[in-house]
Amino acid sequence: MRYRLKWAALLIVAVALAGAGAYRWPLSSAYVAAELGRQLTDVVGLELHRPARAYLTILPRPTLQIIDIELGGKDSAPVIAAPIAKVRLALAPLLIGRLQVSSAILRRPTVLIDLDRSPFAKDSALARAIDVKTYAETLNAASDAKETPLGALSVERGLLHIVSAKYGLDTLMEDVAGDFEWPRVLDAARLNLRATWRGAPATITARLDAPAQLLAAGGSPAMLNIASPIASIRLEGEFKSGDTSPFEGALSADVASTAALARLFGEGAARFPPDGRVALTSKIAFNPPMLTLSDMRLEALEQTLDGALALTHTADGWSISGSLAADQINLDDLFAKAPALVEETGEWSDEPLTFGLFGAVALDLRTSIAKVVWRGHELQDAALSFVSHNGGATATLSEATAYNGALKGEISFSPSGQGVEMQGSANLANADIGALVAEFGASGYSGQGGAEFTLRSTGDSPAALARALAGDVVVKLGPGVIEGLSFEEALRRSERRPINLFADMRTGRTVFNEAEARATIEKGEAHVRSAAMIGPGVVITMKGGASLAARELATQFTAVRADQHGAPDLVGPQINVTISGPWSRPTIKSDTGA
């Protein structure tokens, strides 16, 4: 009988203990705030505001359930808020009435990270306790390495809000779930998160191999990997305390398209530049506020460039500077979706000018390209620079080889009250003009020469720029030959009969010693100031001009005989040819016949 009573008593006690262990014991919110708040303040400098309710469960493991928890920074600004938090407690301290956190789970938390300020105390226990001396002692007693005061933290269905007024950043990561683990001082710290960012799933993994060594003014290998259908980014290197470059390592990034890149930064789809994959591999050194990329290879819009870049954040925003090199750049690919300058009707486009993603950052880039290709035309050994600042941009071609000649040029755009102010200039010297005109469908010409022009205009569309265009143009040609076109033969025949312009001039050739034309452009109208082609047997002059805005010609050529030295015969025969009408289909007439 006693034996049965003994077992019954033990059973009752066990049931009572199990019930007591499983029971949710209410705790004072003030007591919980004081106990846990002291630890959080000492560890990372966060303050625990008094929760709404708190319950303690002993079995199967001591767990504290907190309702409506809120953590604030040292300035009392909210950092983390969660409707439910489950905190696992260390058993030994609990036996003497102390609440010591070993791990925690936050359910549906909202986390605010303001990159402009740090809510964490720099003199917190985490940074204070792990100094050089403590770290050395830990190394000597690795088997007894103490647990970290953070332990492990899990997040379920959270919302991460990252903001920075300084960097112009405001982004949300939704459905955040994952774990942060750093169980012991000598262990690596690991982060594994899953979230939805910009409407796409993303997986974030990070590892800090030796956080204690880093906090002890040393260094630690580190890794960050972000994988998403929009973009994949991997950083691998080493953090260093007190170094001129706190992080050095390797970077690889792969963005699905430029549209995805714009989406990554919260921008809408842009028509220009065209869509395409962007991939980057590089060495990286980060020393706030500068990030340096060296030994870089950039693949973008089917172009490949090598070089080095520096990204710097200033009071005015981001700036990018550096130098790049490429074997070949195809401008057809780059400008495939650029706004059309001319409509299908042949008129200048009235579509407002837009620069897409350009202008978002200040640029100062130098580029050397072995070959530049555009619509079948080529430049060799081109040295270019591109500078943009305060909404304006300037592209400069310092030197290049074009048609065996030297080419230089510059074009700049800047905002104005009427849209865009444009200025441009170019100079081509000692070029093979025959090869140049042959690429535009004309044949039979041979000779060297050059041209230079300066242009300026203001407008909000290609049509407006054409209407306001002003500038000067000079064309100079050296000795040359025009095959299949003989003004001299036509002049001889015109003495005997009215000539057929197209039949009588299409035999023989015209040889000249020099040619020069000068024109002035005002309000979209080009006016010839002087133009002459001088050679043995013939002198040809031109007057008139062209409407650049209307894309029409109104010019007149006059050909007269000349002696072998090019002196004109003012009383001899002459041929007057007028060319008028649209550029695409001009009308050609002669006053000496058809």
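Modeller: Here we talk through rings, strands, salt bridges and a surface patch.

Modeller: This is a predicted model, where local features need pLDDT of at least 70, side-chain atom pairs count only at pLDDT 80 or more, and totals for chains, interfaces and linings use all residues. Residues are numbered from 1 along each chain as its sequence is written, and side-chain values use heavy atoms, with hydrogens and water left out.

Biologist: OK, rings. How many aromatic pairs are there?

Modeller: Two aromatic pairs, counting rings of Phe, Tyr and Trp (its six-membered ring) with centres within 6.5 Å; planes under 30 degrees apart are stacked, over 60 edge-to-face, and the rest tilted. In one of them, Phe-239 and Phe-247 have ring centres 4.9 Å apart and planes at 55 degrees, so this pair is tilted.

Biologist: And is Phe-247 buried or partly exposed?

Modeller: Phe-247 is buried, at 6% relative accessibility. Phe-239 is partly exposed, at 35%. The cut-offs: buried is under 20% relative accessible area, exposed is over 50%, and partly exposed is in between (1.4 Å probe, protein chains only).

Biologist: Why is the pair Tyr-445 and Phe-512 called stacked?

Modeller: The planes of Tyr-445 and Phe-512 are at 25 degrees, with the ring centres 6.1 Å apart, so the pair is stacked. The pair links distant parts of the chain, 67 residues apart: Tyr-445 is in strand β24 (residues 445-459) and Phe-512 in strand β26 (residues 509-512). Strands here are DSSP runs (E, at least two residues), numbered from the N terminus. Tyr-445 and Phe-512 are both buried.

Biologist: What sits over the ring of Trp-348?

Modeller: The charged end of Arg-551, 5.5 Å from the ring centre. To count, NZ of Lys or CZ of Arg must be within 6 Å of the ring centre and within 35 degrees of the ring normal.

Biologist: Switching to strands. How many bridges join β19 to β20?

Modeller: Eleven, and β19 (residues 362-374) and β20 (residues 377-389) run antiparallel. Strands pair if DSSP finds at least two bridges between them. β19 and β20 make a hairpin with two residues between them, and Arg-375 in the turn has a positive phi of about 50 degrees.

Biologist: What about β20 and β21?

Modeller: Eight bridges there, with β21 (residues 392-402) antiparallel to β20. Gln-380 is opposite Thr-401 in β21. β20 and β21 form a hairpin too, with two residues between them, and Asn-390 in the turn has a positive phi of about 55 degrees.

Biologist: How many salt bridges?

Modeller: 13, taking a side-chain nitrogen of Lys or Arg within 4 Å of a carboxyl oxygen of Asp or Glu. Among them, Lys-371 and Glu-378 meet at 3.9 Å, N to O. Arg-297 and Asp-306 have their closest N and O atoms 2.8 Å apart; Arg-297 is partly exposed at 39% relative accessibility, and Asp-306 is partly exposed at 29%.

Biologist: Which residues are linked in a network of salt bridges?

Modeller: Asp-254, Arg-277 and Glu-299.

Biologist: Last one: which residues form the nonpolar patch on the surface?

Modeller: Trp-25, Ile-58 and Leu-59, with about 260 Å² of accessible area together (Shrake-Rupley method, 1.4 Å probe, and for residues only the protein chains shown count as cover). Patch residues have over 30% relative accessible area and no salt bridge; like charges are joined within 9 Å, and nonpolar side chains (Val, Leu, Ile, Met, Phe, Trp, Tyr) within 5 Å. Leu-59 is in the loop between β3 (53-57) and β4 (63-72), and is partly exposed at 43% relative accessibility.

Key. Helices (H or I, at least four residues) and strands (E, at least two) are DSSP runs, numbered from the N terminus.
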